[in-house]
Amino acid sequence: MPFATIIALLTALLSAAVEPGSVPNSITESGRPAIALQSGGPEPPASEVRVGDLAPDFSFEGFDGRWRNLHDLRVQGPVLLVIAPDSDPLLSLERERASLVGRGIVPVAVVDAPPRAVASWTRKLNLHYTVIPDPRRVIAEQFNAIQSRTHAAVPAWFVIDRSGRVRALERGRFPTDGFLAVATRALGLPTPGAALPTRR
């Protein structure tokens with residue numbers, strides 16, 4: 001392994017260390033903390049993720065200190081991945097959370113901020129879904145949700161089915177008709193407010 005790669009990995013590991021007594025940054029449906037931060041280990045490379053592609057299987061630290069990947073979330077159901085939201089989209093996702101979960105969709109937000117700030121926002125906004133800090137924009141870069149000139153994360157959302165395929169996405173803005181509507185359409189589920197067929 002080249003020396004520069006070793007140094008980069010060591011730097012990433014050191015910057016991802018959790019300070020003693022830090023607060024977890026999310027709560028699962030069971031009321032237990034969910035996500036802490038990304039690993040400093042090897043991550044999937046950045047790519048131009050498109051509809052039909054396999055989503056990058058990024059890693060994160062769970063509430064129990066064990067490292068997990070995106071595929072561990074997909075076991076629970078299709079994932080709605082929201083990258084670089086500020087407080088308004090985070091609150092919108094919280095308002096739609098019960099409806100998403102009721103349809104088997106797992107909401108996940110990836111926030112371009114350090115773990116302590118994400119933990120504070122999660123408590124302040126009373127969020128009850130998985131929120132992952134991405135201060136180095138590792139996940140955003142894997143999903144090509146990065147502005148090339150400034151290397152800042154850009155708003156983006158991805159609907160990822162259980163097999164790991166991206167079923168819908170948009171970079172640069174969040175959906176105007178809500179996350180639930182785009183996720184259900186992408187997965188072929190009944191849209192909110194749609195009349196269900198009845199039997200005669």
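Residues are numbered from 1 along each chain as its sequence is written. In this predicted model, local features need pLDDT of at least 70, side-chain atom pairs count only at pLDDT 80 or more, totals for chains, interfaces and linings use all residues, and side-chain values use heavy atoms, without hydrogens and water.

**Exercise 1.** Give the strand order of the sheet and find its edges.

Solution. Step 1: the open sheet has five strands in the order 5-4-3-6-7, with mixed pairing. Strands (E, at least two residues) and helices (H or I, at least four) are DSSP runs numbered from the N terminus; two strands pair if DSSP finds at least two bridges between them.
Step 1: strand 5 (130-133) and strand 7 (166-171) each have a single partner strand, so they stand at the edges.
Step 2: strand 5 runs parallel to strand 4, joined by four bridges; V110 is bridged to I132 in strand 5.

**Exercise 2.** Describe how helix 3 and helix 6 pack.

Solution. Step 1: the angle between helix 3 (residues 87-102) and helix 6 (residues 179-187) is about 50 degrees, and their axes are 9 Å apart. Axes are lines fitted to C-alpha atoms, for helices over the stretch in contact, and angles run from 0 to 180 degrees between N-to-C directions.
Step 1: in contact (heavy atoms within 4.5 Å) are residues including L93 of helix 3 and L180 of helix 6.
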